[in-house]
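Welcome! Take a moment to look over the model below, and then we will walk through it together.

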Amino acid sequence: MVFMASIPLLYVFLITLLCTLFSTAVYPKIHLIPFTAFFALLYLRTSLAASLWISLGCGLLLDLINSDLRFGFYALNTCLTTLLLQRQKKHFFEEKLHSICLLTGLISASMTILQWIFYCTTQLECHLSWKLFFIDFMLLPICDAFAVFLWIYLPVILFIYSRKMNWKAMISRNSSYKD
């Protein structure tokens, strides 16, 4: 089985950045929290200080990409989430699929709660309903955790499996592969 430790942080960062840039084209009605998978692996692999600096950079990058909220909003959100959850890595000591997905869902839920709190403090009206609670605080973190599996973990599994199966030899005409 493939462990998440074999995936470099740069790969996860680039995939999440690509998904962030093209998320409105791929799934326009679903607003997933970007960089949650990257933050999950970041918390497990780096110290608190390094996690805070990198999350600040990711938050500033999100502030530059998104113009719907005030500048600095995402940077503050990612830094506070990192400050709150980075020390929880002791509960997720193994870099396996279930722990990464669970930590991603926890990060997404925390970022959504902080985002809602920040939005309510900066805007005049704020409406909380059961539908909003269910969709934003429960369903979207589950979708974020599922997106980790689809966009990060599954391609690595397929790549390693294709290398083990020697697909090049099976496809080429001059191969010695026999049924």
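## Helix α4

Let's begin with helix α4, residues 73-85. The expected span is 1.5 Å times one less than the number of residues. Buried residues in α4 include F73, Y74, N77 and L85; buried means under 20% relative accessible area with a 1.4 Å probe, counting protein chains only.

This is a predicted model, where local features need pLDDT of at least 70 and side-chain atom pairs pLDDT 80 or more, while totals for chains, interfaces and linings use all residues. Residues are numbered from 1 along each chain as its sequence is written, and side-chain values use heavy atoms, leaving out hydrogens and water.

## The overall picture

The protein has seven helices and zero strands; helices (H or I, at least four residues) and strands (E, at least two) are DSSP runs, numbered from the N terminus. Of the 179 residues, 38% are buried.

## Aromatic pairs

Across the whole structure there are eight aromatic pairs, meaning Phe, Tyr or Trp rings (for Trp, the six-membered one) with centres within 6.5 Å. One of them joins F13 and F35, stacked (planes under 30 degrees apart) at 5.6 Å centre to centre and 25° between the planes. F13 sits in helix α1 and F35 in the loop between α1 and α2, so the pair ties together parts 22 residues apart in sequence.

F35 counts as buried, at 1% relative accessibility. F13 and F35 also belong to one aromatic cluster with F38, F39 and Y43.

How values were computed: Phe/Tyr/Trp six-rings, centres within 6.5 Å; stacked < 30°, edge-to-face > 60°. Buried < 20%, exposed > 50% of the residue type's maximum accessible area, 1.4 Å probe, protein only.
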